[in-house]
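Here is a short report on a protein model.

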Amino acid sequence: MSKPSTPIEEAAFWYACLQAEDATERDHCRWQQWLDASPSNQQAWARIQEIRSLFEKVPGKFASPVLAQKKASRRAVLRGVAVVVCAGLAGAETWRRLPAQEWLADLRTGTGEQRREVLADGSLLYLNTHSAVDVAFSRDERAILLRAGEILIETRPDNAAGPARPFVVHTPHGRVRALGTRFVVRLYDGHSSVQVLQDAVEVSPVLSMAPAVRLVEGQEAVFDSRSTGMPRPQPAGAGAWREGRLSVVDMRLQDFVSELARYRKGYLGCAPELAGLRVSGVFPLDDTDKALAMLPDVFPVQVRYLTRYWAKVLPREARGDASL
Amino acid sequence: METTDADMLARDVAALYQNNHRWLSAWLRARMGNKADADDLTQDTFIRVLCAHAGTQLALREPRAYLATVAGRLLVNFYRRQSIERAYLEVLATLPQDDIPSLETQALMKEALLEIDQMLDGLGRKVKLAFVLAQFEELPYAQIAERLGVSLRTVKNYVARAMVHCSAMLP
């Protein structure tokens with residue numbers, strides 16, 4: 001190693017030495033001598049300590065996986081719409097004409113429930129709260145029909161003999177074809193949405209003659225029966241519900257409360273004057289009372305319960321007896 | 001009343017904004033696919049330009065190229081922040097329910113992480129990895145050396161070099 005020359009370089013060198021598992025008593029003595037030798041050395045060491053105190057704000061178990069991640073590929077997020085050949089109308093046919101005898105299963109979850117299923121080909125299917133699917137594996141296709149709610153799929157290569165069958169999720173609005181992948185499909189009243197967590201999918205609305213729209217990792221899009229919206233970067237925390245967590249960034253409180261309400265029986269509302277507050281963070285889904293209880297920590301709100309099944313987020317009441 | 005420098009600057013600013021804010025917003029939107037974020041970054045771009053020229057004359061020879069450069073830099077930053085936030089949320093989401101920190105702690109840790117990430121920016125991949133493993137994972141140098149396929153002495157060197165870098169980046 002070239003000899004460190006400036007005090008800060010020397011301080012950094014000592015820091016690296018003392019951090020080592022084989023640092024000896026002698027190293028410590030020599031460091032002490034160095035430190036005592038001049039005020040500029042002490043200044044430099046103080047600077048190292050300053051940096052360390054910043055590091056100590058974050059426990060290592062959080063910091064390490066976040067900081068060591070590979071640079072997010074900006075291009076992956078920005079990649080535009082690629083054109084894929086695939087007739088859009090095929091989906092509509094499947095949705096309407098799947099013979100009933102092919103439905104091997106009918107899976108449901110109640111409000112606040114989640115469920116994990118291993119499918120016949122080894123693929124994993126996670127149902128979120130209040131969701132329902134039919135599993136319709138046939139000779140030509142491994143199909144999931146989303147009837148309600150939201151699912152996360154982790155596909156495995158087809159294990160059946162013969163040519164590999166495509167893995168497809170059908171909603172009333174169209175079909176989402178997996179291209180070796182992990183993705184989320186959610187059914188809303190008038191449209192469906194898809195978020196790609198890994199690899200890619202192709203989306204074909206039932207009534208669209210346009211080529212299928214390809215979505216890649218990190219993107220999401222909504223589609224109705226006529227068209228697919230512009231692929232967009234998905235919000236952070238997509239698919240976190242599989243871990244039993246709701247993970248949001250800058251979400252309006254109104255939307256946050258509606259999201260949480262999906263996991264609760266009964267009524268959960270939010271006072272209109274609070275609707276625009278922005279919520280960021282990770283919340284437990286398996287105990288929504290606990291999630292709600294985290295809000296007053298940072299917002300001037302209170303959660304009012306009339307019964308177990310009726311709760312509303314309200315502005316915090318000014319306390320008359322508050323003393324200064 | 002005489003025309004002050006401040007008046008002139010205000011006029012320059014208004015003109016710059018009027019002439020450019022539309023295309024810049026469209027330009028960012030095409031790249032971000034999201035109007036709200038694009039609008040935010042458009043504002044940030046103008047603020048950045050104004051701050052850089054505070055107290056001087058706002059005479060830009062190539063306003064478009066200049067604005068696009070500034071906006072492009074902000075865009076890269078934006079994605080970087082986002083990827084840190086995303087990774088952080090993923091880590092939080094895997095914690096047992098009772099370990100989920102309060103919202104305030106979550107926010108403070110996020111800010112610290114963004115700050116640390118900024119500080120480590122510009123380090124070589126191996127140097128950064130060695131440093132993160134030593135500092136945050138508290139791995140012994142010997143294990144880091146093995147993992148990176150370098151010598152012990154090199155690991156020590158990497159850690160020292162990263163510290164010097166941090167010191168230079170710390171305001």
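How many salt bridges does a search of the whole structure find over all chains? The search finds 22. A salt bridge here is a side-chain nitrogen of Lys or Arg within 4 Å of a carboxyl oxygen of Asp or Glu.

This is a predicted model: local features need pLDDT of at least 70, side-chain atom pairs count only at pLDDT 80 or more, and totals for chains, interfaces and linings use all residues. Residues are numbered from 1 along each chain as its sequence is written, chains are lettered from A and ligands numbered from 1 in the order in which they are written, and side-chain values use heavy atoms, with hydrogens and water left out.

**Salt bridges**

Two of the pairs are tabulated.

| Pair | N to O distance |
|---|---|
| A:Glu150 and A:Arg262 | 2.8 Å |
| A:Lys290 and B:Asp98 | 2.8 Å |

The pair A:Glu150 and A:Arg262 links distant parts of the chain, 112 residues apart. A:Glu150 sits in strand S7 (residues 150–154) of chain A, and A:Arg262 in the loop between H7 and S15 of chain A. Helices (H or I, at least four residues) and strands (E, at least two) are DSSP runs, numbered from the N terminus.

**Interface of chain A and chain B**

The two chains bury about 5300 Å² between them, 68% of it on carbon and sulfur atoms. Buried area is the accessible area (1.4 Å probe) lost on putting two parts together, summed over both. In chain A, A:Phe55, A:Phe62 and A:Leu67 lose the most area to chain B, together 14% of what that side buries. By contact (heavy atoms within 4.5 Å), 60 residues of chain A meet 57 residues of chain B. The rule finds one salt bridge across this interface. Elements giving two or more residues to the chain A side include helix H1 (7–19), helix H3 (39–55) and strand S14 (245–252) of chain A.

**The open sheet**

Three strands of chain A form an open sheet in the order S15-S18-S17, with mixed pairing. Strands pair if DSSP finds at least two bridges between them. The edge strands are S15 (267–270) and S17 (301–307) of chain A. S15(A) and S18 (residues 310–315) of chain A pair in the parallel sense over four bridges. A:Tyr267 has A:Trp310 in S18(A) as its bridge partner. Helix H7 (residues 253–261) of chain A lies across S15 and S18 of chain A, at about 175° to S15(A). Axes are lines fitted to C-alpha atoms, for helices over the stretch in contact, and angles run from 0 to 180 degrees between N-to-C directions.
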